[in-house]
Structures are given as C-alpha cells and as structure tokens.
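Subject: Handover of a structure and the findings

Dear colleague,

Please find below the structure that I am handing over to you, followed by an account of what was found in it. I would be grateful if you kept the model open while reading.

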Amino acid sequence: NKTNGILYSWGSNGDGQLGDGSNISRYTPTMITDQIQSIDAGNVNTAAIRIDGTLLAWGENNEGQLGDGTTISKNTPTIIGTATDIQSICIGDNYMAKINVDQFLTSCGSNSFGQLGNGSLLNSSVLIPVYCASNCNPPTQFWTTSVTSTTAAINWIPSTSAPNGGY
C-alpha cells in the first residue's frame with residue numbers, strides 16, 4: 001500500500017516467500033509487515049526496503065540468496081545486515097543485488113554463472129561487492145536479465161561517475 005507502507009502478499013508459498021510465517025499458499029491479500037518503501041519478489045524469495053532504509057528478505061535461501069550469512073530459508077521478513085542506506089534491490093534467480101544511496105553495489109546467492117559480478121563462480125551467503133571498472137557509472141535503477149548457463153546481465157540506468165573509481 002503506497003500510502004502507508006503496509007505490505008500485503010498472496011499466492012504460492014511453498015518456500016515461505018509470502019513472509020507470513022507459514023509455508024501455506026494464500027489466495028487473498030494477507031498483511032505481512034509495515035513501514036515498507038519498496039519491494040522486489042522472485043519465484044521463491046522476496047526482499048523489501050523499509051522506510052528507514054534497512055533491508056528485509058525472506059523465502060528460499062538454499063544458495064544464500066537472502067544475504068543473511070546462512071542457507072536456511074526464512075518464512076518471515078528478516079533484517080539483513082545493519083545498513084540503513086539501501087536505495088534499490090533486485091531479486092534474480094537464486095541471487096539478490098542491492099545498491100546503497102552512495103551507489104555501492106553488492107550481491108549474494110548463487111554464482112554458478114558469475115551473476116554476482118565479483119570475478120568468481122563461488123556462491124555467497126553474504127552481500128559482497130560487485131566489481132566494476134573505474135569508468136562505470138552507478139545505476140539509478142537496475143534489474144537482472146538474460147541469465148543463461150554462460151552469462152548474466154545486470155542492466156541499469158546510469159547517472160554519474162562511481163565514487164572512488166568504481167563500486
């Protein structure tokens with residue numbers, strides 16, 4: 001609800017992705033939490049930014065895609081880290097990316113195709129920096145596409161030069 005920050009969800013819930021504390025599918029909107037500024041949802045997990053800039057995530061976590069340092073799925077919104085400056089989030093297929101207001105881009109989860117952008121193929125259950133050359137422009141909005149067995153793309157709308165020569 002855009003006027004008061006209350007989050008409702010419904011649909012399939014086999015992995016706790018609705019965030020209502022259960023794994024039972026819901027066929028009508030169910031209140032989950034309040035104080036939400038924005039949200040992104042995938043097939044089996046969800047992430048939200050609270051009005052105070054903190055990050056919440058829940059749902060399937062078998063690849064560490066919630067970023068809480070575990071691979072244990074959560075069926076309620078769970079605070080991820082201590083940052084209060086989250087600007088945008090993006091849920092991909094078993095991974096998540098986020099950007100802070102200072103344009104620092106991080107990602108976590110499955111990295112079998114290099115989709116975390118850190119130069120390796122190792123999964124990460126914590127948010128790790130995305131490598132970007134010094135000529136990158138920070139995204140103002142971003143999303144993931146074209147995930148295949150050999151590539152993954154993070155797409156963005158650039159604004160200004162990245163701080164300190166990169167992300």
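A residue is called buried when its relative accessible area is under 20%, exposed when that area is over 50%, and partly exposed in between. Asparagine 94, with a relative accessible area of 17%, is therefore buried. Please note that this is a predicted model.

Overall composition

The protein has twelve strands and zero helices. Read from the N terminus, its elements run β-β-β-β-β-β-β-β-β-β-β-β. Of its 167 residues, 42% count as buried.

The sheet of β7 to β10

Four strands, in the order β7-β8-β9-β10, form an open sheet with antiparallel pairing. At the edges stand β7 and β10 (124-129); each has a single partner strand, so one side of each is left without a neighbour in the sheet. From one strand to the next, the twist averages 20°.

The pairings may be followed one after another. β7 and β8 run antiparallel and are joined by five bridges. Cysteine 90, found in strand β7, has alanine 97 in β8 as its bridge partner. Cysteine 90 is buried, because its relative accessible area of 3% falls under the 20% limit. Cysteine 90 and threonine 46 are 44 residues apart in sequence, while their C-alpha atoms are 9.4 Å apart in space.

β8 and β9 also pair in the antiparallel sense, over five bridges, with isoleucine 99 opposite leucine 105 in β9. Strand β9 (residues 105-109) is in turn joined to β10 by three bridges, and these two strands run antiparallel. The bridge partner of glycine 109 in β10 is serine 124.

How far is β8 covered? Six of its six residues are buried. Both faces are covered: Tyr95, Ala97 and Ile99 are buried on one side, and Met96, Lys98 and Asn100 on the other.

Positive phi values

Most residues other than glycine have a negative phi.

Asparagine 94 lies in the loop between β7 (86-91) and β8 (95-100). The hairpin of these strands has three residues between them, and asparagine 94 takes a positive phi near 70° there. In the hairpin of β8 and β9, which has four residues between the strands, glutamine 103 takes a positive phi near 75°.

Glutamine 35 has a phi near 65°, again a positive value in a residue other than glycine. Its place is the loop between β2 (26-33) and β3. Is glutamine 35 buried or partly exposed? With a relative accessible area of 37%, glutamine 35 is partly exposed, because this value lies between the limits of 20% and 50%.

The sheet of β3 to β6

A further open sheet of four strands has the order β3-β4-β5-β6, and its pairing is antiparallel. Its edge strands are β3 and β6 (74-80), each of which pairs on one side only. The twist from one strand to the next averages 20°. Within this sheet, strand β4 (residues 45-50) and strand β5 (residues 55-59) pair in the antiparallel sense over five bridges. Alanine 48 stands opposite leucine 56 in β5.

The second largest pocket

The second largest pocket has a volume of about 170 Å³. It is lined by 13 residues, of which Tyr8, Ser9, Trp10, Leu18 and Ala41 are the closest to its centre. Which strands supply at least two residues each of the lining? They are β1 (7-11) and β3 (36-41). The largest share, four residues, comes from β1. By class, the lining has seven nonpolar and six polar residues, and no charged residues.

A polar atom of the side chain of serine 9 lies 2.8 Å from the backbone oxygen of leucine 18. Serine 9 is placed in strand β1 and, at 13% relative accessibility, counts as buried.

With kind regards

Technical notes
Residues numbered from 1 in each chain as written. Predicted model: local features only at pLDDT ≥ 70, side-chain atom pairs only at ≥ 80, totals over all residues. Heavy atoms only, no water. 1 Å grid on protein atoms, 1.4 Å probe; cavity = no way out; pocket = protein on both sides within 12 Å on 5 of 7 lines; lining within 4 Å. Points joined across faces, edges and corners; volume = space filled by probe spheres on them. Nonpolar A, V, L, I, M, F, W, Y, C, P; charged D, E, K, R; others polar. Buried < 20%, exposed > 50% of the residue type's maximum accessible area, 1.4 Å probe, protein only. Pairing = 2+ DSSP bridges. Axes fitted to C-alpha atoms, helices over the stretch in contact; angles between N-to-C directions. Polar contact = N/O pair within 3.5 Å; in protein donor to acceptor, adjacent residues only side chain to side chain.
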